[in-house]
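Here is a short briefing on one protein chain. Look over the fold first, then work through the points below.

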Amino acid sequence: MRITLRVIGIGPGDPRQITLQAIEAMSDVEVFVALEKGSAKTGLLDARKEILARHANSSHRLIEIADPPRDRAPADYDAEVRRWHAARADLIASALRDELPDGGVAAFLVWGDPALYDSTLRIVDDLSERSDLTLDVEVIPGVTSASALTAAHGIVANRIGEPIHITTGRRLAETPPGVDSNQIVMLDADLAFRQTADPDDHIWWGAYLGTADEILISGRVGDVGERIAAERAAARERVGWIMDIYLLRKQR
């Protein structure tokens with residue numbers, strides 16, 4: 001069975017940040033696949049539906065797949081993520097076989113850019129290895145949450161000649177000296193900067209970038225760190241989920 005499978009970056013939340021290339025890529029897709037993450041994140045699915053209503057053809061179908069469970073505190077983090085990705089791939093492969101004819105066109109809509117801390121392309125690699133599926137994969141880049149963050153704050157991500165290090169909250173403490181001048185930190189539910197950063201370091205934090213719920217806070221870590229934690233907790237309680245990111249800059 002041969003399928004064209006598109007992985008389409010749709011930006012961090014603002015429908016105006018969807019590229020013309022992404023809109024064009026949606027135009028002839030027959031089936032869009034979405035992993036349904038539970039009632040707390042229905043807003044994410046609703047946003048996808050709004051995008052499809054604007055830009056997809058009228059005959060498209062949206063297939064919602066229940067996201068398989070995942071251990072959030074495993075003994076072996078890498079092994080658990082691989083197991084979770086494989087379980088996702090199994091469900092998606094079944095949906096593609098059931099919902100598409102040979103030669104059909106399917107797509108994923110990916111928040112931000114598919115190449116930056118997103119698992120979709122790894123799942124596509126798994127799907128490509130299956131003997132009964134032949135995939136013609138097309139990847140369409142999207143506006144990243146990192147660029148949306150710096151634009152929202154009106155800043156440059158680095159000072160002249162300095163590196164930019166992109167990492168996760170889980171790995172923030174492992175950043176080696178010399179590359180930690182400007183760190184863009186994603187997936188940080190525990191706000192690791194409160195334990196690792198100097199109080200004089202500067203932080204630019206943003207949540208729900210490009211949406212009506214957008215929150216922006218910046219300042220010295222020692223001045224705004226607890227405020228960020230409080231605002232984040234309140235927003236998560238109010239909305240039911242949160243996507244946030246920050247730039248952490250060392251003083252020199």
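Helices and strands are DSSP runs numbered from the N terminus, a helix having at least four residues and a strand at least two. On that basis, Ser181 lies in the loop between strands E6 and E7. The model is a predicted one. Its protein chain holds seven helices and ten strands. It is divided into domain 1, residues 2-140, and domain 2, residues 145-249.

**Overall size and packing**

- The protein chain has a radius of gyration of 19 Å; a compact globule of 252 residues would have one near 18 Å, so the two agree.
- Along the principal axes, the C-alpha atoms fill a box of roughly 60 × 40 × 40 Å.
- Of the 252 residues, 47% count as buried.
- The accessible surface comes to about 12,600 Å². Carbon and sulfur atoms account for 49% of that surface.
- Among contacts with a separation of 6 or more, 71% join residues 24 or more positions apart.

**The two domains**

- The centres of domain 1 and domain 2, taken over C-alpha atoms, are 27 Å apart.
- Ten residues from domain 1 and 15 residues from domain 2 make up the contact.

**The parallel sheet**

- Five strands form an open sheet with parallel pairing, in the order E3-E2-E4-E1-E5.
- Strand E3 (61-66) and strand E5 (134-140) are the edge strands, and each pairs on one side only.
- From one strand to the next, the twist averages 25 degrees.
- Six bridges link strand E2 (residues 31-36) to E3 in the parallel sense. Ala34 stands opposite Glu64 of E3.
- Helix H3 (residues 77-99) packs on this sheet. H3 touches strand E1 (2-9), E2, E3 and strand E4 (104-110). The direction of H3 makes about 150 degrees with that of E3.
- Helix H4 (residues 120-128) lies across E1, E4 and E5. H4 runs at about 165 degrees to E5.

**Leu35 in strand E2**

- Leu35 is found in strand E2.
- Is Leu35 buried or exposed? Its relative accessibility is 18%, so Leu35 counts as buried, the cut-off being under 20%.
- Leaving aside neighbours within four places in sequence, Leu35 is in contact with Ile65, Asp67 and Arg88.
- Leu45 is ten residues from Leu35 along the chain, and their C-alpha atoms are separated by 8.7 Å.

- Strand E7 (residues 182-186) and strand E10 (residues 244-249) run antiparallel and are joined by five bridges. The bridge partner of Val185 in E10 is Tyr246.

- Which residues of H5 are buried? They are Ser145, Ala146, Ala148, Leu149, Thr150 and His153.
- These buried residues of H5 pack against E7, E8, E9 and E10.
- In general, an α-helix has 3.6 residues a turn, so residues three or four places apart point the same way.
- Gly154 follows H5 and has a positive phi, near 70 degrees.

- Ser181 has a relative accessible area of 17% and is buried, as buried means under 20%.
- Which residues does Ser181 touch, not counting those up to four places away in sequence? They are Arg159, Glu162, Leu248, Arg249 and Lys250.
- Of these partners, Leu248 and Arg249 belong to strand E10, which spans residues 244-249.

Note on methods
Residues numbered from 1 in each chain as written. Predicted model: local features only at pLDDT ≥ 70, side-chain atom pairs only at ≥ 80, totals over all residues. Heavy atoms only, no water. Pairing = 2+ DSSP bridges. Axes fitted to C-alpha atoms, helices over the stretch in contact; angles between N-to-C directions. Contact = heavy atoms within 4.5 Å. Rg over C-alpha atoms; globule rule 2.2 N^0.38 Å. Buried < 20%, exposed > 50% of the residue type's maximum accessible area, 1.4 Å probe, protein only. Areas by Shrake-Rupley, 256 points an atom, 1.4 Å probe, with all protein chains shown as cover. Domains from an automatic or database assignment.
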